[in-house]
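Biologist: I'm new to this one. Please walk me through it, a piece at a time.
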Amino acid sequence: MAEENTEEIQIQISTSGDIFIQSIKDATHNSSDLITKSILPNLTLIYIENLVDVPTLNNHILKDLLKHTNESPENIISTLTIAQVKMANEIGEAVIAMMDGTVLIHVEGYSQIVMANISTNESRALSAPENESQVIGAQVGFTESLSTNVSLIRRYIKNPNLCNEGLEIGKQSKTTIAMLYIKGVASDEMVNTLRQRIADLNVDSVLDSSILEQLIDDNSLSIFPQMLLTERPDKLCAELLNGKLGVIVDGSSLAIVCPHSFLEFFQSQEDQNLRWQIATFTRLLRFSAVVLSVFLSPLYVAALTFHYEVIPQSLLVPLSESRALVPFPPLFEALLLELIIELLREAGVRLPSKVGQTIGIVGGIVIGTAAVQAGITSNILIIIVALGALASFTTPSYMMGNVIRIIRFPLIVLAGLWGFYGIMLGLCFILIHLLRQTSLGSPYTAPFYPPRLLDWRDSLVRLPLPFTFKRPSNTRPEDEDKYEPQPINPEKNEQKVK
């Protein structure tokens, strides 16, 4: 296939209109949506239907061509009132441009053609993000249009140093992507690393940002995501201003942010919009919910299987009464309920939104009540599993939320086999795995390992903004200070004015 493409690119454009049309038809395998129009004896237009903007074609190109007859390709370029116009002399280049919404204009007797890009700008209207909602802050999300997404970024950051590098990946799909960073803030080493990883890709197609993220991350075998996927332009802009890099894929409503540490997956953009006391409370609540979601069910299984002595005496009687009719061991009971919760969650996602919400609520109540009455599970375990499932929804990142859902299962199995020792074994394995991970070469567990005390000001807690004047050191920014490293002091400012 690669040899055929190479030969096709080397084919020169014929001076004969009929031969040129046949060459284009052969290159596109006589596609049914290929349109050819002979508007004059010496002028031929070829384009792909539904890829070009018809009003622009009729009101600009056709009118301009009919006013100037017997023109050469050079003169046609000067007469067309279209912004993106250029010349080509190879069939391969013409066909690739035509697939992107370009009209080919062939003049009889010339071996060059004029290419006018009038691609349609069909995209859905701007709307609020569905998966990263917030109360305070911007209420607009990315769309599937690359140009629209880049324009949203430029509206936030009106800076000529905001670089937008256009790249093309996918031998079959020819997908356009934009790599964004701020010159003078982002590390040149990281920019070169990301650019090289994208350039080294040898794939047929990349249809979404989530696919590209898996192809360019540091460890594709890890369950933990090493790059953030966000649908919020303000989130991407905030990360760019911190010295990070962004990648937007044409046709995807998600942007890639890198590098990204483990703790940053549990931080929300709304944390910056709230007062520091409230933001710190919500972050601590979010981190506590993650720990609760991961370890609550394994602790229940370990305590009832091996470690009755850790259960308070006041809970022993309710626990024994709740499990009196349950025929299964705690391990099987916990795995069964966790699987039921995951089935309800998956069914609610796949069904239409209104039906999915009903299935989730009604299904959970009916199945839970019936399971207790049938003696399949205990009341206390239902409460524990429900709390764990509820806590997992507090994670702002959907990708990290899925990880929290999955790692509970091996921890439950380890707890059922070896009790608290199994839980500690699983926890040690997770910690070692996290310590070994990197994100675009940056430590995944920063700022706690390696310890960077200044970055602790905006990690588990969020201190007042004047105290977080430094950009995160894991991005290795060229400009480290975001603003004046001085707490706000109105009296001092007034004295300076005087």
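Biologist: Which residue in β5 is the bridge partner of Ile 105?
Modeller: In β5, Ile 105 has Val 114 as its bridge partner. That bridge belongs to the pairing of strand β4 (residues 102-107) with strand β5 (residues 113-117), which run antiparallel and are joined by five bridges. Strands here are DSSP runs of E with at least two residues, helices are runs of H or I with at least four, and both are numbered from the N terminus; two strands pair if DSSP finds at least two bridges between them.

Biologist: Before we go on, what kind of model is this?
Modeller: It is a predicted model, in which local features need pLDDT of at least 70 and side-chain atom pairs count only at pLDDT 80 or more, while totals for chains, interfaces and linings use all residues. Residues are numbered from 1 along each chain as its sequence is written, and side-chain values use heavy atoms, with hydrogens and water left out.

Biologist: Back to the strands, then: in what order do the five of them form the open sheet with β1 and β3?
Modeller: The order is β1-β2-β4-β5-β3, with antiparallel pairing. At the edges are β1 (34-40) and β3 (85-88), each of which pairs on one side only. Ignoring direction, neighbouring strands of this sheet are turned against each other by 25 degrees on average.

Biologist: And which helix packs on that sheet?
Modeller: Helix α3 (residues 54-67) does, touching β1, β2 (43-48), β4 and β5, and its direction makes about 160 degrees with that of β2. Those angles run from 0 to 180 degrees between N-to-C directions, the axes being lines fitted to C-alpha atoms, for helices over the stretch in contact; contact means heavy atoms within 4.5 Å.

Biologist: What about the open sheet that has β6 and β8 in it, what is its strand order?
Modeller: That sheet of five strands has the order β6-β7-β9-β10-β8, and its pairing is antiparallel. Because β6 (162-169) and β8 (228-230) stand at the edges with a single partner strand each, one side of each is left without a neighbour in the sheet. The twist from one strand to the next averages 25 degrees. Helix α6 (residues 146-156) packs on this sheet and touches β6, β7 (175-182) and β9, with a direction about 10 degrees from that of β7.

Biologist: Changing topic: how many salt bridges does the structure hold?
Modeller: There are 18 salt bridges, a salt bridge being a side-chain nitrogen of Lys or Arg within 4 Å of a carboxyl oxygen of Asp or Glu. One of them joins the side chains of Arg 408 and Glu 338, at 3.2 Å from N to O. Since Arg 408 lies in helix α16 and Glu 338 in helix α13, the pair ties together parts that are 70 residues apart in sequence.

Biologist: Are Arg 408 and Glu 338 buried or exposed?
Modeller: Both are buried, a word that means under 20% relative accessible area, whereas exposed means over 50% and partly exposed lies in between (1.4 Å probe, protein chains only). For Arg 408, the relative accessibility is 1%.

Biologist: What else does Arg 408 contact, leaving aside its neighbours within four places in sequence?
Modeller: Its contacts include Ser 293, Val 294, Pro 298, Glu 342 and Arg 345. Arg 345 sits in helix α13 (residues 330-350) and is buried as well, because its relative accessible area is 14%.

Biologist: Which residue makes a salt bridge with Lys 470?
Modeller: Glu 480 does, with 3.6 Å from N to O. Glu 480 and Lys 470 are both in the loop between β12 (442-443) and α18 (490-497), ten residues apart. Glu 480 is partly exposed, at 44% relative accessible area, and Lys 470 is partly exposed too, at 28%.

Biologist: Last one: where is Gly 184?
Modeller: Gly 184 lies in the loop between β7 and α7 (188-199), and at 32% relative accessibility it counts as partly exposed. Although Gly 184 and Pro 477 are 293 residues apart along the chain, their C-alpha atoms are separated by 8.1 Å. Not counting residues up to four places away in sequence, Gly 184 touches Glu 478 and Asp 479.
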